[in-house]
Amino acid sequence: MKTISVLLLSTLASFVLVVSCKKESASAVARVPQLPDEVFKYDEISTGSNGFNPSGSFLIDNNMSTLGRVLFYETQLSRNNRVSCGSCHLQSAAFADVAKFSNGFENAKTLRNTPAIVNAGTQTSYFWDMRESNLSAMVTQPIGNHIEMGLDQPEYILAKLKKLPYYESLFTNAFGSAEITMDKVGAALSNFVASMASVQTKYDAVAMGQTAFTEEEQRGKDLFFMELPCSSCHGGENFSGWGSMTQNIGLEMDYEDNGEPGTDWMTGKDRDGWFKVPSLRNVALTGPYMHDGRFATLEEVIDFYNEGIQPHEQLSFMLREGWNGGGGIFTPFEGDFIPGVGDSSSVIQPLKLQLNSDEKRALIAFLKTLSDEKISSDVKFSDPFVAASN
Ligand code: HEC
Ligand code: HEC
């Protein structure tokens, strides 16, 4: 009896100790945003080649993006006050993660690789399975996600934000009133995210006649647009197709993650392995690659396309031997019979690109011209929080 109560007492004592320590360290790491006297000019967005506007139909507002930046790096938007959007979407990696899967608020891993955020305002579908089409509604979902940030009750989120003194002026400047609502959080976050424009690239500069490709880059460009099927999917100014679309590229014979739900029109079976065609802008900065981060480098990606495509029965026609749609032309296959390749009963022959090592290097050199290096260092997209001891 005596030993038990001693044990109990000492357990209690250590519990109190732990709790008080925790409290102390929590207040020691309180963070406050340090913002410029004059708001950054998020609305000064350059235009890419062919007059491409990288913020799409989004009207970028400097005060809204300023608030959006603070919210993007706000760890109080997570259950344990440790995770922000910026924990997974790293500025140094063009807002992708360098890890295969990212750590959520309880260190559980995300189920998919964190994609880069690329000219988000011009896209029409978000997530690897394209399940969301409205950016302002989409950007608040990670907050409630049970792996990512874990705050699924809007009342609780709003109550937490209301306690933070710096939001009063930020919301007032952005919306004319200090009232905090989830709609405003979504509007500000999406404004900031849509202001992350990626057009200051060598590719755009060449297209606008300001500079020239090296011989190797030019060879890679010809391969990409003319000799290989790449631009049939990664086409348009975002290199992600004209509208958003999902495709099965034959990574596996049987996918662990099915991707976009629905029926495969050719086989009549449930879809397996259909994922969003990602933008290739900034791709040199955003590894590891694919929905599951399986490839660490661009070399591995090109080796896969060169000789690793699997004869999955739902493999895209654009990656089968015999498809002659040519580069740059996207043919909607739904319901169409494509002579030579449209017969589902025929043996599936994945494309073998048969690139030699010079050609592979050229293709990668071209992909590297799609990087907007400025996005990774531009202070207006950086974490504004500094540790404050209060
Ligand atoms: C724990 C890591 C993590 C956190 C935190 C996180 N994300 Fe993500 N984000 C992901 C993953 C993983 C995906 C892909 C999920 C999927 O496709 O199912 C994603 C997808 C996205 C996309 C879609 C990109 C596209 O082109 O399809 C956007 C935009 C985005 N997140 C913005 C945000 C914002 C804004 C926040 C903060 C409110 C946030 N994320 C917090 C990991 C994270
Ligand atoms: C049939 C459409 C299609 C064609 C053709 C195609 N891709 Fe892709 N690409 C995709 C899809 C879909 C993904 C994502 C697949 C996944 O994660 O399961 C992808 C992913 C990639 C990635 C990784 C991007 C990232 O952020 O993870 C790179 C790089 C890439 N493709 C380059 C190329 C190159 C180079 C070519 C030409 C040799 C090419 N692609 C041809 C559809 C296509």
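Trainee: Which helices do the buried residues of helix 10 pack against?
Mentor: This is a predicted model, in which local features need pLDDT of at least 70, side-chain atom pairs count only at pLDDT 80 or more, and totals for chains, interfaces and linings use all residues. Helix 10 spans residues 215-227, and its buried residues (under 20% relative accessible area; exposed is over 50%, partly exposed in between, 1.4 Å probe, protein chains only) are Glu217, Gly220, Leu223 and Phe224. The helices (H or I, at least four residues) and strands (E, at least two) are DSSP runs numbered from the N terminus. Those four residues of helix 10 pack (contact means heavy atoms within 4.5 Å) against helix 9 (202-207), helix 11 (230-233) and helix 13 (357-368).

Trainee: Within what arc do the buried residues of helix 10 fall?
Mentor: Glu217, Gly220, Leu223 and Phe224 are the buried residues of helix 10. They line one face of the helix because, seen down its axis (directions run from the axis to the C-beta atoms), they fall within an arc of 120°.

Trainee: Which exposed residues does the face of helix 10 turned away from its buried side carry?
Mentor: Residues are numbered from 1 along each chain as written, chains are lettered from A and ligands numbered from 1 in written order, and side-chain values use heavy atoms, without hydrogens or water. Opposite the buried side, then, helix 10 carries the exposed residues Glu215 and Met226.

Trainee: Which residues does Tyr167 touch, not counting residues up to four places away in sequence?
Mentor: Tyr167 is one of the buried residues of helix 7, together with Leu170, Phe171 and Ala174. These buried residues line one face of helix 7, because they fall within an arc of 95° when seen down its axis, and they pack against helix 2, helix 6 and helix 8. With residues up to four places away set aside, Tyr167 itself touches Leu67, Val70, Leu71, Glu74, Leu161 and Ile180.

Trainee: Which residue with a positive phi follows helix 7?
Mentor: The phi of the residue that follows helix 7 is near 80°, and this residue is Gly176.

Trainee: How far apart in space are Leu77 and Tyr156, C-alpha to C-alpha?
Mentor: Leu77 is found in the loop between helix 2 and helix 3, and it counts as buried because its relative accessibility is 1%. Beyond its neighbours within four places in sequence, Leu77 is in contact with Leu71, Ile143, Met149, Leu151, Ile157 and Leu161. Although Leu77 and Tyr156 are 79 residues apart in sequence, their C-alpha to C-alpha distance is 9.6 Å.

Trainee: What share of the contacts with a separation of 6 or more joins residues 24 or more positions apart?
Mentor: The protein chain has 13 helices and 4 strands, and buried residues make up 50% of its 390 residues. Among contacts in the protein chain with a separation of 6 or more, the share from residues 24 or more positions apart is 70%.
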